[in-house]
Amino acid sequence: MKLAGLKSIENAHDESVWAATWVPATTSRPALLLTGSLDETVKLWKPDELHLERTNTGHCLGVVAVAAHPSGIIAASASLDSFVRVFDVDTNASIATLEAPPSEVWQMQFDPKGTTLAVAGGGSASVKLWDTATWKLIASLSVPRPEGPKPSDKNSSKKFVLSVSWSPDGRRLACGSMDGTISVFDVARAKFLHHLEGHFMPVRSLVYSPIDPRVLFSASDDAHVHMYDAEGKSMITAMSGHAGWVLSVDASPDGSAIATGSSDRTVRLWDLNMRAAVQTMSNHADQVWGVAFRPPGGTGVRAGRLASVSDDKSISLYDYS
Amino acid sequence: MASVYIPVQNSEEEVRVALDQLPRDASDILDILKAEQAPLDLWLIIAREYFKQGKLEQFRQILEEGSSHEIDEYYADVRYERIAILNALGAYYSYLGKIETKQREKEEYFIQATKYYNKASRIDMHEPSTWVGKGQLLLAKGELEQASNAFKIVLEGDRDNVSALLGQACVEYNRGHYSDSLASYKRALQVYPNCPGAVRLGMGHCYYKMGHTKKAWQAFERVLQLDPENVEALVALAILDLQTNEAAGIRRGVEKMQKAFEIYPYCAMALNYLANHFFFTGQHFLVEQLTETALAVTNHGPTKSHSYYNLARSYHSKGDYETASRYYWASVKEINKPSDFVFPYYGLGQVQLKLGDIKNALSNFEKVLEVYPDNCETLKVLGHIYVQLGQTEKSLELLRKATKIDPRDAQAFLDLGELLISSDTGAALDAFKTAYGLLKKGGQQVPIEVLNNIGVIYFEREELTLALETFKEALGDGIWRAFLDGQAKTYAVDAAASIFQYKDVQLFHRLQEDSFVVELPWDKVTPLFNLARLLEQMHSTETASVLYRLILFKYPDYVDAYLRLAAIAKARNNLQLSIELVNEALKVNDKCPNALSMLGDLELKNDEWVKAKETFRAASEATDGKDSYAILALGNWNYFAAIRNEKRNPKLEATHLEKAKELYTRVLVQHTANLYAANGAGVVLAEKGHFDVSKDLFTQVQEAASGSIFVQMPDVWINLAHVYFAQGNFALAVKMYQNCLRKFYNNTDSQILLYLARTHYEAEQWQECKKTLLRAIHLAPSNYILRFDAGVAMQKFSASTLQKTKRTVDEVRSTVDELENAVRLFSQLSASSNLQFHGFDEKKINTHVEYCKHLLEAAKVHREAAEREEQQNRQRQEVARQMALAEEARRKAEEQRKFQLERRKQEDELKRVRQQEEHFERVKEQWKSSTPGSKRRDRSEMDDDEGANSEKRRRKGGKKRRKEKSSKSHYEMEETEADMMDDQEELEDEDVNVNDGEHRNQRNDHDENENAEENAQELLAAAGLEDSDAEDEAKPAPATSRRRRAWSESDDEEVLERKPQSSPVQENSTELQESDGEIREDVDKQHGDAVVDDED
């Protein structure tokens, strides 16, 4: 289990790169890397040379999140101005522009079947679900506010939702908030199930294990990565090692490792059997805002790939084996 | 059988007296001698015989009778015999005096002896034997010079006088002139080869003293041959044997000593040596008996000293320091010069050290060092003493010398290392490493404390992996290995319960059930704690937490472990747990100042101000006001309070500030190098407007704070940046903020980004300002104030762009974009305001929205205008291009004309020229008509506006600054409010600008009037209010206040970080343990202080 640097592009964007995801391969082309930046552009890169395929403009303020449909045909990008732009990956034709004021937009993810787009709604303390056929808002999953005599503004801002993740079976949705709590929803019934506690600082990234729909990984500003049994409400383990905020977490397709990106400028690879960091990449010069494993599939693409993006404007590609 | 014959007076008869049958009562003989008027030599012979038989009383009786007055008269002409009797008596009393131990009797005897010798001298001044006797007497009295004179008188008369020669030899020997002494002995031997063994004994001693051991040996052997029972020769030989330092030699020596002891049980020398031997074999009872006997039988100073020393040593080794000290003292008192016999000084020093009498111990060891300047042990001991007396320099010097003299003395290196820890860690590390190497080479176990110390130094020097290895080596095998290697997996716990994982010790019970051995020896607690601390530093927080819990599982009173766990919980923002852990610590020790300080800090974080203050007070009281941290915390508290209450009560603010200053100063007085106190003082000074002083302070603190892993002081960077900002040095401020962000916060602190944005804003770098704010929003998404600020920045950017005299269409277009964004941001805020996310007034936001929309429309007009202008420009360019084309064409035509000139001549020439002129005219006409005259006027008008606006901006600056004293968020709002008002005015201007074409001049005048009025009002207002300059300077206040708070968080980490530093110090090396402990503690204190200093 190791990472080997393949390619790095300095100044891939004009400004900090804040988001990255892989667009799955289609019959006509391999998987592409999709990145979003403070420079208000979204770019598509072709591995392994990280050849710039296209630059999408049209966002105002920084691009904070990107998401790709499992089919690989469409993708979404979201910016600080709270618009979500849905577009055709190959043509860049706009398909829809989504907004649900006053809710802002933070992380997004398509469900594994591709029928729903979940968007973390920030201060609205909810996750917005959009139908990918009609692009209509179908549900708003609200995080219950803590009970108390008077819900002061202090408390409510703590339930600010930052991150979302679908379970691999599509039945559960988890979201992470500024105050560190993670909320788990039953999607089918649009019902809040329970909180997962343990973090007390913002949870900026969540990912379910691709092989076990119960296992959820969370990345938090408290420099820890937690591994939860999201159904059993229990924490399996807490992993420490980063020297700063953990900004991003992704699980390898084989489910045996996770990668994290941190404000300490490193990318770490964690062996889930050992529950310890086995490798630290320090090629970035600033916060690493995103790490993403390439999903399997596509013609003749077996090799594992990990991409990382950073505030230093660069993007990096690694071989994962 | 020998007998003497006493002639019977007046007859030929003689009385035969068998010498071995002398009557018990000497009076019988005396009667005969007197009656028969026997010659005096017979008296002497009989007396001598009594002496030989040990009948001293009779001997004395006869001689005294023989020297009585009657005899003198009767035998007046028998001079020699009378002298001989007197001399015999003198010698007898000399001997008595010599062996007498009581001083008074001794004197008495000597007086007697002197009396007899003087009497003998009166009979014959020149009798050599009298002089020899006198010499011996003087020798016995220790008056060497006079003794020598006496012997010389004899030798002048007869240079072969054996007795005088021997006496002279003795004098020379005592004077230390061994070769002279030897010469005299030799001469005596030559003159009288059959002289008794004693002569050879003297020679032996001379040889011995001169270092000719072999010759000495031979001499003593010869004595023994002559007199097998000669105790002195036996003892001397035994000493020689003992000094061979070989087992066989020592055995022989002891045998000889024993023999000597059997022959004569009262030889002090032999007794001492035997005692010495038994001391080493551990038979203390014998030692005491022997030495006590020795003491009883001798009066010889050095020998007594030796005896006392033996006794003292015996008690010393038994641990009876009081008695030992008394005997050492007695021993020392018998010594004239320390160089004669230095051991008791050493022993006395050791015992005094034990009894805590450092000063005297010091002087004793100093004496030893004088005699043996290169003695490592003494050097080391003195080193320790100087540490205790606080003379570190001296101590270092001694220990360095010790290590230089014996570079293989691991202990010396260890001592040196421990001493250096507090002053020079690098050198300390070297010393420890050398010791480590020596111990390893010697196959010895390296003490855990040493490894611990080495580890801590590595830790301090940020060589973390080396530190890790060292701590692991110190700890060896144990349950911790399992955690370090990740073998023992944590058990899944309920997520809700996991909040309290840091208190959880269930893990260890489970491990025990799973047949792990959960043990932690006491001597490994400190290294384990340090290891955990190191793991924290290396961000392996989870493992560190398990190790701390392991310590607590076994040693529930280990307060520091609780505090570290609390610190970890606090770092993860789990305040509730942190407080609980601190309370656990307080359960163990409710006066623990560190725990109290931390509790206060947590309470402050929880916004429990009054409680926090109480807690800090308690912490301060728990240390009698000596704990700088608590005082500093109180200072900070007052500072916060000052900032907080400012709006409500200016008087209170001043009081709080004063109080804060006083507290900081108090700390500074106690610890002049306290960084945090200096920082605090700097803040208060800045608050009062003394920027130059505060800048100096901050700069110095910043310099001092860099370079230690345990001191993290981002605050001072920020404060410095604030000062630069306040002084208008924006470029430096920006640089300072950025460095601070990168160095301490991984670029993640949105608050500093806000400061940075504010600086950009002031410097009118709108794009940087906006980008910075967007980054801040990205980092702190739920901080809506940042969004608001971003909106304001964009609005301001747009407004300023529109005011620019020269602007490109692109600029105007981006202005429009920015305005649209601003509108969107403000509308979003407005829409979400009903959700109470933030404390903005909805109305105010709406005003912003309205204004931005307004501006937007204006901007759109501008854009159109600009686009129009651009189009016109393009047209103009087009014309120019055409002109150029025409020119080109003309040139070409010219050429052609020339070319054709030859062929076509002049016929067509006129026609073509006319045509061209016509064309040219047309072009000119076109160009003239397309130049719009209005443009210029437009522009000049803009200039006017620009002037007015800039004036306004200035005013606005003043207004803004006044508001900035409030807390940051507050201030942000106020500022924007101010901004908005100004912008509204600008808005009007803009309107005028754009729309009023016709009434331009009028409006302008009006505008100016208006401005003037406003100016006046502003001035009045300013005058009515406080000194605006002072307010200006107070600017960094809110920022610093927040910093201070952040800083106090980092603080108690510092407090805790004091632990690992002090821990090496807690552990001590082997020798002189108790006293060491004290030394260490002192160092610890100093160290602690140093750390505290760093804190401040």
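The model is predicted, so local features are given only at pLDDT of at least 70 and side-chain atom pairs only at pLDDT 80 or more, whereas totals for chains, interfaces and linings use all residues. Residues are numbered from 1 along each chain as its sequence is written, chains are lettered from A in the order in which they are written, and side-chain values use heavy atoms, without hydrogens and water.

Chain A contains an open sheet of 4 antiparallel strands in the order β10-β11-β12-β13. Strands are DSSP runs of E with at least two residues, helices are runs of H or I with at least four, and both are numbered from the N terminus; two strands count as paired if DSSP finds at least two bridges between them. Because β10 (108-110) and β13 (137-142) of chain A each have a single partner strand, one side of each is left without a neighbour in the sheet. Direction ignored, neighbouring strands are turned by 20 degrees against each other on average, with axes taken as lines fitted to C-alpha atoms and angles in general running from 0 to 180 degrees between N-to-C directions. Strand β12 (residues 126-131) of chain A pairs with β13(A) in the antiparallel sense over 5 bridges, and A:S126 has A:S142 of β13(A) as its bridge partner.

A further open sheet in chain A has 4 strands in the order β14-β15-β16-β17, again with antiparallel pairing. Its edge strands are β14 (161-166) and β17 (191-196) of chain A, each of which pairs on one side only. Here the twist averages 25 degrees from one strand to the next. Within this sheet, β15 (residues 172-177) and β16 (residues 182-186) of chain A are joined over 5 bridges in the antiparallel sense, and A:L173 stands opposite A:F185 in β16(A).

Two loops of chain A hold backbone features of note. Most residues other than glycine have a negative phi, and most peptide bonds are trans. A:E40, which is not a glycine, has a positive phi of about 75 degrees; A:E40 lies in the loop between β3 (32-37) and β4 of chain A. The peptide bond from A:P47 to A:D48 is cis, with omega near -10 degrees, and A:D48 is placed in the loop between β4 (42-46) and β5 (51-56) of chain A.

The interface comes next. Chain B contributes 46 residues and chain A 58 residues to the contact, defined by heavy atoms within 4.5 Å. The area buried between the chains is about 4500 Å², and carbon and sulfur atoms give 53% of this area; buried area is the accessible area (1.4 Å probe) lost on putting the two parts together, summed over both. B:R572, B:H778 and B:R824 supply 16% of the area that chain B buries against chain A, more than any other three residues.

The rule finds 7 salt bridges across the interface, a salt bridge being a side-chain nitrogen of Lys or Arg within 4 Å of a carboxyl oxygen of Asp or Glu. B:R787 forms a salt bridge with A:E104, the closest N and O atoms being 4.0 Å apart. On the side of chain B that touches chain A, the largest share, 7 residues, comes from α42(B).
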